[in-house]
Amino acid sequence: MGHFIIVGILVAGSTYFLYTYVLTNANLLPAQASTQAAAIDKLFSLEWFFISFFLSLIIVFILYSVVVFRRREGDDSDGKYMEGNPILEVVWTLIPLGIVLYLAYVGSQGLGDVERRRLGELEINVVASQWNWRFEYPDGLVTNQLGLPEDRQVLLRMRSEDVIHSFWVPEFRVKQDILPGDESFVRELRITPTELGDYKVRCAELCGSQHYAMLADVIVMTENDYGLWLEEQAAGCDLDDVTCGERWVNVNGCTACHSLDGSDLVAPTWLGVYGAQEELADGSIITVDDEYIRMSILEPNTQIVDGYADGLMPQNFGELLDDEQIGQIIAFIASLQ
Ligand code: CUA
C-alpha cells in the first residue's frame, strides 16, 4: 500500500508541475484575439491537463519501478508471476473511454462556440490566388488589407482562383482551406475579433513557389476607425496615375510574381522593363510599350517573354480591371526606371 501512496503523490506532483509550469506558463500559443480563440484555447488547456497526467503516470511508474524494484546483489530469483487481472483491465478500458467521450462532448461544445452565428454579422468575400489575398466588402469595395471592426462577427466567404490555399490568422486560431471551383466550393469561416491590433493572414497550404510570401495585413479597429477606414479605402483613386496604379498593383498582388527591384521571380521584373526590347518565346523582338503591357494584362499567354513559363498569370484581369485602371498600372510600370 505504501508504494501506491508514494506513486500517487509523485504522479500528482508531476502532473501539477507539467501542467502549470511547462504547458500553461510557457505561453506556447500566440495572443488570443477572437472569441473563437477563447473557445479553442479552453480545449487546448483541457487536453494539456490530460497529457500532463498520462505522461506523469507513465514516467513515474517506469522510474519508480526501475529504482525501487531493481535487482539486488545476489538475488537471482524471478519476479512474481502474474496472469490476467480482470479488474485492472476493466478499469483501464473504462477510464480512457470515459475521457474520450468527455473530450468529444467538450469538443462539440467548442465547435458550437466557434461556428455560432451572431446577429448583424458582416459578410466579406475572400479570394485567394497564387499568391495574393483579395477582400471584397459588401458595397463593392475591394482591398488587399482585411480591415475588421472589433467585437463584431464577420462571416468570411472564401474561394480560390487556382489551387488550394488556406486562410490562417494564428491569433484568431481558426483556419480554413480555400478551394477552387464554383459556388458549391465556397467555404465559410466566422471570426469575432476581440483585440485591437495588427495581425497577418498567412496561407497555410503549400501552394507554389511563393507560398511563404502569401501574406496580407489584418487590422482590427474600433467601430469608428473602421468606418473611417472604409471611407478611405472606398474613396477610389483621385491621385496621380502612378500612385493609383501602384494601388491596383497591390490590390491584385502583381508583385508576388513581378519584382519591382530587378530581382528575377517567376515572371519578368518591372524595373526598367518599360521601353525595353524583349525577345519573345517565338524569337521575335518587341518593344515593351503601352499596347504590349495592355495585351499582357488582358491576354497574358499570347506574347510570353523568352525563358518564362506561360499559363502562370491569371487570365481574369479583364474582368477585375477597367481601362482607366490598366492605364494607371502602365503608368506605374513606366515609372520604374
Ligand atoms: Cu496560398 Cu500557400
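Analyst: A residue counts as exposed when its relative accessible area is over 50%, and as buried when that area is under 20%. In this predicted model, Arg71 is exposed because its relative accessibility is 61%. Asp76, with a relative accessible area of 68%, is exposed as well, and Arg71 and Asp76 form a salt bridge in which the closest N and O atoms are 3.4 Å apart.

User: How many salt bridges does the structure hold, and are Glu121 and Arg190 buried or exposed?

Analyst: The structure holds 13 salt bridges. In one of them Glu121 is joined to Arg190, with the closest N and O atoms 2.9 Å apart. Glu121 belongs to the loop between helix H3 (86-115) and strand E1 (122-129), and Arg190 to strand E8, so this pair ties together parts that are 69 residues apart in sequence. Both Glu121 and Arg190 are buried.

User: Which residue meets Arg157 in a salt bridge, and where do the two lie?

Analyst: The side chain of Arg157 meets that of Glu183, at 3.0 Å from N to O. This pair links distant parts of the chain, 26 residues apart, with Arg157 in strand E5 (residues 154-160) and Glu183 in the loop between strand E7 (175-178) and E8. Glu183 is exposed, having a relative accessible area of 53%. Elsewhere, salt bridges that share partners connect Arg134, Glu136, Arg159 and Glu161 in one network.

User: How should I read a sheet, and which strands stand at the edges?

Analyst: Begin with the strand order, which here is E3-E2-E1-E5-E8 in an open sheet of five strands with mixed pairing. Strand E3 (142-143) and strand E8 (187-191) stand at the edges, and each has a single partner strand, so one side of each is left without a neighbour in the sheet. Strand E2 (residues 132-136) and E3 run antiparallel and are joined by two bridges, with Glu136 standing opposite Val142 in E3.

User: Which way do the residues of strand E4 point?

Analyst: In a regular strand the side chains alternate between the two faces of the sheet. In strand E4 (residues 146-149), Leu146 and Leu148 point one way while Gly147 and Pro149 point the other way, and all of these residues are buried. E4 pairs in the parallel sense with strand E10 (residues 215-221) over four bridges, and Val220 in E10 is the bridge partner of Leu148.

User: What is the corresponding reading for a helix, and which residues of helix H6 are buried?

Analyst: An α-helix has 3.6 residues a turn, so residues three or four places apart point the same way. In helix H6 (residues 290-298), the residues Tyr292, Ile293 and Ile297 are buried. Viewed down the axis of H6, the buried residues fall within an arc of 135 degrees, so they line one face of the helix. They pack against strand E12 (285-287), helix H7 (317-320) and helix H8 (323-334).

User: Which residues make the nonpolar surface patch?

Analyst: The patch, of about 710 Å², is made by Phe54, Leu55, Ile58, Ile59, Ile62, Leu63, Val66 and Val67. Among them, Leu63 lies in helix H2 (residues 35-68), and Leu63 counts as exposed because its relative accessibility is 52%.

User: Where is Pro30 placed, and which residues is Pro30 in contact with beyond its neighbours within four places in sequence?

Analyst: Pro30 is in the loop between helix H1 (2-24) and H2, and is partly exposed, with a relative accessible area of 34%. Apart from neighbours within four places in sequence, Pro30 is in contact with Pro170, Glu171 and Arg173.

Notes
Residues are numbered from 1 along each chain as its sequence is written. This is a predicted model: local features need pLDDT of at least 70, side-chain atom pairs count only at pLDDT 80 or more; totals for chains, interfaces and linings use all residues. Side-chain values use heavy atoms; hydrogens and water are left out. Buried means under 20% relative accessible area, exposed over 50%, partly exposed in between (1.4 Å probe, protein chains only). The arc is that of the directions from the helix axis to the C-beta atoms. Contact means heavy atoms within 4.5 Å. Patches are made of residues with over 30% relative accessible area and no salt bridge: like charges are joined within 9 Å, nonpolar side chains (Val, Leu, Ile, Met, Phe, Trp, Tyr) within 5 Å. Accessible areas come from the Shrake-Rupley method with a 1.4 Å probe; for residues, only the protein chains shown count as cover. A salt bridge is a side-chain nitrogen of Lys or Arg within 4 Å of a carboxyl oxygen of Asp or Glu. Two strands pair if DSSP finds at least two bridges between them.
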